[in-house]
Amino acid sequence: MDSATDIDATSGDALRLETFQGKFDVKDFVGTFSEKLIAQSKKDSGPFDPKPFVRTFETAVDRLIALRKDVQAKTEQMEKVVRTAEREYSKKMSDLDRGFEAVGASFSSMETRMNEVGRTAGRIGEQLESVHLQRQRAQAAYDLIDYYMQFSRDDTSRIDSLKKEGKEGRRQVAVLLRRLATLAKEIDLPTAEKTRESIDRYCEKFEKDMLYLFDKCYRKGDPKMMHHCAQTVLDFNGGASCVQVYVNQHDFFINRVRKNMESDDTTLWRALADPDTIPPKNESGLTELLEEIRVTVDQEAQIVQAVFPNPPLVMQVFLQRVFAQSIQQHMEQLLARAGNMSDLAFLRVLQLIHAQTSLLVEDLKGYDIPTTTPRSPVQTIGLSRSLTGTSLAAASGAGSTAISSILETAMEELFVPYTEGQRYLERETKTLAELYSGHLSVFTRYHEREERLSKTKGSMLDRMMNATATSGASTSKAAAAIMRFGGITPSDRFQDKSLDEQVSEEDGLLSVDVAVTMLKWHAEAIGRCVELSPPNDVPKNTFALFRTLTEVIACGYIETAINTATARLETTDHTKTEPSLQALSLLRSVDLISHLWQRYVNIALLPLAAGSVVVRREMVVFNNQTVSKVEGATNGLMQSLIDAIVSWMATQLAKQKKTDFKPRNDDDSFARVNTDPCIGCCEILEKVGTVAKKNLSGKNLEIFLTEVGVAFHSQLLEHLRKFPVSATGGLMLAKDLKSYQDTIGTFSIPALHERFEFIRQLGNVFLVQPEILKSYITENYLGRIEPALLRPYLAQRSDWGQVEKGFSDETEDVPDGRTAAKGLRDRFGMGRLSVMMKDLEGLRL
């Protein structure tokens, strides 16, 4: 059907070019052609007929192909138009490039010609300037010669009229006079001397007039005229005279001279020489002076900048005058007054002044004025480059110095007389030595007396001098001061016997409080050392003061007490006198003082030497040597005390009677609990244990009690070889040995427990029946000992004659199983049980 083959209007609209230019959807596009065909197909009741669909889509495809050909033709036409436009654009760009290159070449040519013109103009300008300068110099020379000739004729009318022209006239006169004075010195004519004198008189009169005008304006308070006068004098001779007038007439210096500088701070001066008081931090007169300086400088900094053309130079002169006159004068008065009291008062005041002045310097550094080089407009005329005076150059150079460096220099110069070289360190060392000597005078007199009584060779102070002979200059002086403890000198220290009678036992004891006081004084001296010494000298000076402290607290205090105690123990006959255990309390004091002293060294002194590796290493080596020396003396004292205790116990054991362990059958013998030697030994051992635990601790306590116990154990082994023991005496011996064991048990030393358990078992050999004696000595501790070594003790049994044959047979025929015990005998090489016990000390059951 023809109607079926025709595409309706809606489908025809879909086949136009506009359909594909916007948003295009293939599904919608195909649906446009097929929707009606699908609807008609559904209405027909017969089978599906695809022919309408085929015809419709074939027609649509034909139209789409035709549309594509139209689009392709249009595209080719537009591409031709674009290529033509591109060719025209490229041609225009080439024309523009050639035009720009031509313009650039024109500008380069113009720049070259302008540079040539500029160089020509510069040369012309230099020539004009040279000509102008030559004209100025010629004019200035002409005027200068004219004024010189007028002075040669005593005619000053022209320069007088110039001076009356006001500020500018006076400044021109100042420059002319400076140049005339310079010129007059160079001219050598018959009338030159007279002319020079005339010029000098006029210069002097002009300077006086300007200074008078400056002083008048200063009193009126006219800063503008003061500035004019200062500038004029600066142009004339550098301005130094004007600055001096300003400083000399300043109210601050006039008022301070009229004031009474004596301080009324009675509390400070009363406590200043007492080393136990806290060093003062301020002094009322000094505080008032420094506060007044702060206020004055604050005001003057503003005035000087407004008045003077060279403010740094003026502030330099003013501050130097403040330090050299006001502060130094007050400082000298304070130090003179303190020096009359004591060296300690002098050093405390010196530290106080240094600390307060340092704070002042830091405050004044805030007024640092920018450096300027003043130049008068008049100086640009004529001969300024060749005839400028030296005073101006010097003034400008001085003015370039920063205020901060001026203040530091003034501060250093203020204290140089007191800290230069070794002055401060020598005074500090001397002061420490005097303080220590006074504090230890009674202590030293006591030990001098004890040393004389002990009749040892040489005095304690001689030993101290020998110990400090190589300590250096500063510590030698300290040792010399210690030599004069309480006014004692090498020539007369034995003369005043009344002083020896006044000292007591307590005066010779070591005291932690005394050591704390000495360390406190030394810490104060170290604080002054850090304050007053240059930073580079702090490690060296700290080491010097450290040596002084060490020689006193170690050699003069601790070792002196130890040596006296040791000498007393060594010179006392402890076979007749019970040893004093006071040495143990001395050892406790030595331990406490040494720990306190070493902690102070590590915390306070060694960090100050960190700036010098060499000095710090020397300090550590010196400190270690000193500590080792003290430890050696302490060990010597402990050994002397042990020897004394052992000697006393030997004396007690020597009192043992032959019949103590072989008593008669009477009531008195059995009524005793222990023998007299046992009671004496137990008493001294109890005292030793109690006092040792009270004063010693740790390893020191263990070693001391072990040494005493081992020595007493050896004495008992030798003691038991000497006394026969009966059956009933064995009970008394067993009680004595049990008392010994119980007393030693209070020491709480495991090694001693084993030793005295062996002693107890050895004492039981006198109690067991002969039948079981052989088996008994093979058990426990006794079983570890060669029977031959037990023979001297078994021989003390009263019935030994009956049982000896059995023991002799056994020792002659030793079974193979006892080869180890025989080896022990060969090992020890001698038949002493006490020696064998030393090697068996580590044995455990």
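The protein chain folds into 36 helices and 0 strands, with helices (H or I, at least four residues) and strands (E, at least two) taken as DSSP runs numbered from the N terminus. This is a predicted model, where local features need pLDDT of at least 70, side-chain atom pairs count only at pLDDT 80 or more, and totals for chains, interfaces and linings use all residues. Residues are numbered from 1 along each chain as its sequence is written, and side-chain values use heavy atoms, leaving out hydrogens and water.

**Burial and helix H33**
- Of the 845 residues in the protein chain, 44% are buried (under 20% relative accessible area; exposed is over 50%, partly exposed in between; 1.4 Å probe, protein chains only).
- Helix H33 (residues 787–794) buries Pro787, Leu789, Leu790, Tyr793 and Leu794.
- Seen down the axis of H33, these buried residues fall within an arc of 150 degrees, so they line one face of the helix; the arc is that of the directions from the helix axis to the C-beta atoms.

**Cysteines**
- You will find 0 disulfides here (pairs of cysteine sulfur atoms within 2.5 Å).
- Cys681 has its closest cysteine sulfur in Cys682, 7.0 Å away, which is too far for a bond.
- Cys682 is in no disulfide either, and its nearest cysteine sulfur, that of Cys678, lies 3.9 Å away.
- Cys681 is buried at a relative accessible area of 0%, and Cys682 is buried at 8%.

**A loop residue**
- Phe24 sits in the loop between helix H2 (9–14) and helix H3 (26–43).
- With 35% relative accessibility, Phe24 counts as partly exposed.
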